[in-house]
Amino acid sequence: RHFTYKFQYDFAQNNPPKLKDAYIGFTAPVLPVKAMVGRFRTPLGLEGHTSGMDLTFMERGLISTFLPSRNTGVVVFADSNRQSHNIHYAVAVIRPQSDFDLLDTNLLGLSTRLSYSFAPRTDILVHLGGDYMRRDVDGTTRFLQRPESNLAPQFADTGSIGADSIDTAIAELALVRGPWSFQS
């Protein structure tokens, strides 16, 4: 009742096999707080935080090139559902993995997420959110992207970029009314 776990390994044809998720989670018995330790999706960005089963399109937007998908670390998060309002927050201490081609992966990063969703009417949903991530980098970084469907080779590659740190800030807005949706 209070513990969860997940182990997911990817055996895609055109991609080398790799570990996706591997974590153990704990839900507090009284408070609406959860914690996970292991390898998990970094709490950053609306699309990065949304399951692939719930995306509007087949793949995530091109901005995902600059967002890590999964990292190893510890995350604490909570949802506060009250009638037609939901507040979600998450704070994670993470260790960079191979999503960004970092030369030194012993450095830690911090990722935070805060979002607020409300339904002013039964057929309308409004979502506002903000995210921030900081990772110290020792030397260089490189951003690579390939389609998530794994049917094409990498189509974006920045090459090596000299950097001391990576700072990422995101503002997000989503509106849903019946079958119509808008997301930015």
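Analyst: A patch here is built from residues that have over 30% relative accessible area and no salt bridge, with nonpolar side chains joined within 5 Å. The model is a predicted one.

By that rule, Phe3, Tyr5, Ile24, Phe26, Val37, Val74 and Val76 make a nonpolar surface patch of about 730 Å². Three strands each supply at least two residues of the patch: β1 (3-10), β2 (18-27) and β4 (70-82). Ile24 belongs to strand β2. With a relative accessible area of 52%, Ile24 counts as exposed, because the cut-off for that class is over 50%.

Strands β1 and β2 also carry charged pairs. Side chains of opposite charge can pair when their charged atoms come close. Asp21 and Lys6 form a salt bridge in which the closest N and O atoms are 3.3 Å apart. Asp21 lies in strand β2 and Lys6 in strand β1, so this pair ties together parts that are 15 residues apart in sequence. A second salt bridge joins Lys20 to Asp10, with 3.8 Å between the closest N and O atoms. Here Lys20 is in strand β2 and Asp10 in strand β1, ten residues apart. Asp10 is buried, with a relative accessible area of 16%.

Elsewhere in the chain, Arg134 and Asp136 meet through their side chains in a salt bridge of 3.6 Å, N to O. Arg134 is partly exposed at 35% relative accessible area, and Asp136 is partly exposed at 36%. Shared partners join the salt bridges of Lys6, Asp21 and Arg70 into one network. The search of the whole structure finds ten salt bridges.

For contrast with the exposed Ile24, consider His127 in strand β7 (residues 124-141). His127 is buried, with a relative accessible area of 9%. Its side chain makes a polar contact of 2.8 Å with the side chain of Glu172. Leaving out residues up to four places away in sequence, His127 touches Leu46, Arg113, Ser115, Tyr116, Ser117, Glu172, Leu173 and Ala174.

As for the setting, the protein chain has one helix and eleven strands, in the order β-β-β-α-β-β-β-β-β-β-β-β. Of its 184 residues, 33% are buried. The chain exposes about 11400 Å², and carbon and sulfur atoms supply 61% of that area.

How values were computed
Residues are numbered from 1 along each chain as its sequence is written. This is a predicted model: local features need pLDDT of at least 70, side-chain atom pairs count only at pLDDT 80 or more; totals for chains, interfaces and linings use all residues. Side-chain values use heavy atoms; hydrogens and water are left out. Patches are made of residues with over 30% relative accessible area and no salt bridge: like charges are joined within 9 Å, nonpolar side chains (Val, Leu, Ile, Met, Phe, Trp, Tyr) within 5 Å. Accessible areas come from the Shrake-Rupley method with a 1.4 Å probe; for residues, only the protein chains shown count as cover. A salt bridge is a side-chain nitrogen of Lys or Arg within 4 Å of a carboxyl oxygen of Asp or Glu. Helices (H or I, at least four residues) and strands (E, at least two) are DSSP runs, numbered from the N terminus. Buried means under 20% relative accessible area, exposed over 50%, partly exposed in between (1.4 Å probe, protein chains only). A polar contact is a pair of N or O atoms within 3.5 Å; within protein, one must be able to donate a hydrogen and the other to accept it, and residues adjacent in sequence count only if both atoms are side-chain atoms. Contact means heavy atoms within 4.5 Å.
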